[in-house]
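The sequence and the coordinates are shown below.

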Amino acid sequence: MSARVRRAWRACERFAEGPYAAASVVGAALAVYALVSLALPLAAGRDLARYLLVYAQLFDERVVYPHALLTRTPVAPLVAGGLADLGPLAAEAGAAGLYALSILCWCAVARRFGAAAAIATAVALLLYPGYVLLFHQLSSDAVFATAFALLALALSRAVDAPGAGTAAVLGAAVALAVLVRPVGQVLLLLVLVPLLVGATWRERVRGTAAFALAAGLPLLGWAVHNQVRLEDLTVARGGGASLPLFRAFVEDRIVEPENGPASRELGRVVARELLPHEPYRSYGVDLETFFSAGSSRMHDDLVVLADRTWGWDDDYRHLARVGREAVRAHPGAYAEGVGRDLLRLLVWPIYPSEPPEREAVTRVLALQSGLPPPSEGQPIPSAREAPYLSTPDGRIREEWTSATEHHIVFSDPADTVRAAALDRRVDELLAGLPDRAPRARLVRLLEDASRWYPRPVVFLLVGLVALAWRRPRGASIPLALAGAALLVLLGTALAVYAVAEYAVPVAPAFVLLATVGVLGRYRPLRGASPAPPAR
């Protein structure tokens, strides 16, 4: 390295340790976001309409669609709906702010390991196409990415300066992650952090209690809110219909009536309550096809069927038993599927293509029935009844007038009026997003960049090897964050199939692991005792 390069690098390190570093990171992040926005404006992300439906009725005295409100926690709807409510310019500026805040948090964690690690982390994240593209899709994904970045900062402080205060902040950050996306509940395992970093048992007990209170009180508050307004004491309804049933039914296709008593009962109910009716009747779906098709629309019908058959208060416990029977009957298939999708989450770019084979199966079934092929490679054109229409008293139902035509019927005229107002409100919110057309050529360049950028698994492996070789002090921080990220991905893979947007929010943890492993030299917070060496 020449003397000129060394002097330039030292100047960069001095700047990174100076007072203007944070402002520079924020400015660079906003500039990157603005450049990408020239090609791709902020657009609706995954399930945004459902989150906006929650936002639109979050403060209503009478909730028309309780299932929608109970299956989503409040922070993502509030942020997404609030930004859309402010109009196109403010929505895009707000998303840019979330992106800049996330980058700043990760750089603040990396700065504890020296200027070189901070610079490398900033450069790696600012050049990460998938991460900035995530914030160009308004959905829970970008909000969860911001919440996880805040959690990373809180965890680093809890390790650097053990105590009740920092443990409480970490607990509050975990609660925030859960209130953004229910899968964040796996992060409650971070309650172990105060136990492991405390210097004395007294300090450990105080830290654990502070974490538990800070994490538990907001979640309890939201559960009580649901009980008071919707008579359901839960943070998020529907876990039994997802873990492990959704993955077992849709992706691994191992749910069979022969798996056990709960599965046999489900098969009888499906044969009696679903298959004789539209759209199943016209599309010729029999019991074997129902359980082998791997259709998410058919899973939607199972959710409503469970509410109607075993009751709202069952909270999908019967479906959970069906899922467990499938896993016990086919443990190898389930484990292989989870492992495969966990790897996909670590290697897929943010915009994976749809698997082509399902479309072929659908077209065969549709052509045999003489009906138009359903969309999205599904064997039926729609679920018989959408889960968000399910209510404890069954006051909303979906009526089918033919194999493809159906409409919603409300038993209460007031619900009809309010539902129409909610539809208009959601349409207004969606219209509040920017309406600029993407620039196709620039979008292709972004997609190419995302395809060629190193995948999260590369950063994970580089980080583990580098940490094992160099053994920097304070390595517990990036290791704990990478472990938390893997917990989120595992919790996701246990319940649903892989979607790249599930992985990108936590991918910076693997970037941090690599930059700290290769370049890190530990420097604790001022006034904090140095963390012990990694063992």
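The model is predicted: local features need pLDDT of at least 70, side-chain atom pairs count only at pLDDT 80 or more, and totals for chains, interfaces and linings use all residues. Residues are numbered from 1 along each chain as its sequence is written, and side-chain values use heavy atoms, with hydrogens and water left out.

**Helix pairs**

Helices (H or I, at least four residues) are DSSP runs numbered from the N terminus. Axes are lines fitted to C-alpha atoms over the stretch in contact, and angles run from 0 to 180 degrees between N-to-C directions. The table sets out two pairs.

| Helix pair | Crossing angle | Axis separation |
|---|---|---|
| H6 (residues 88-111) and H26 (residues 508-519) | about 25 degrees | 11 Å apart |
| H3 (residues 48-57) and H5 (residues 75-86) | roughly 90 degrees | within 8 Å |

Angles under 35 degrees count as roughly parallel, over 145 as roughly antiparallel, 65 to 115 as roughly perpendicular and the rest as oblique. H6 and H26 are therefore roughly parallel. The contact (heavy atoms within 4.5 Å) involves Trp106, Val109 and Ala110 of H6 together with Pro508, Ala509 and Leu512 of H26. These residues comprise 6 nonpolar, no polar and no charged; here Ala, Val, Leu, Ile, Met, Phe, Trp, Tyr, Cys and Pro count as nonpolar, Asp, Glu, Lys and Arg as charged, and the others, Gly among them, as polar.

H3 and H5, by contrast, are roughly perpendicular. On the H3 side the contact is formed by Leu48, Tyr51, Leu52, Val54 and Tyr55, which meet Ala76, Pro77, Leu78, Ala80, Gly81, Gly82 and Asp85 in H5. This contact divides into 9 nonpolar, 2 polar and 1 charged.

**Helix H17 and its surroundings**

H17 (residues 296-309) has 14 residues and reaches 20 Å from its first C-alpha to its last, close to the 20 Å expected at 1.5 Å a residue. The expected span is 1.5 Å times one less than the number of residues. Of the 14 residues, 11 are buried, so H17 is largely enclosed by the rest of the structure. Buried means under 20% relative accessible area, exposed over 50%, and partly exposed in between (1.4 Å probe, protein chains only). The buried residues pack against helices H4 (66-70), H13 (239-242), H14 (245-251), H15 (261-273), H16 (287-292) and H18 (317-329).

Asp307 belongs to H17 and is buried at 8% relative accessibility. Beyond its neighbours within four places in sequence, Asp307 contacts His67, Arg237, Trp312, Tyr316 and Ser390. Ser263, located in H15, is buried at 1% relative accessibility. With neighbours within four places in sequence again left aside, Ser263 contacts Glu256, Pro257, Val322 and Glu325.

**Loops and backbone geometry**

Leu243 sits in the loop between H13 and H14 and is partly exposed at 46% relative accessibility. A cis peptide bond, with omega about 0 degrees, joins Leu243 to Pro244. Leu243 and Thr492 are 249 residues apart in sequence, yet 9.2 Å apart in space, C-alpha to C-alpha. A cis peptide bond also joins Glu278 and Pro279, with omega about 0 degrees; Pro279 is in the loop between H15 and H16.

Glu231 is not a glycine but has a positive phi of about 60 degrees. Glu231 lies in the loop between H12 (201-230) and H13 and is exposed at 65% relative accessibility. Arg471 likewise has a positive phi, near 50 degrees, and is found in the loop between H23 (456-470) and H24 (476-495).

How values were computed
Helices (H or I, at least four residues) and strands (E, at least two) are DSSP runs, numbered from the N terminus.
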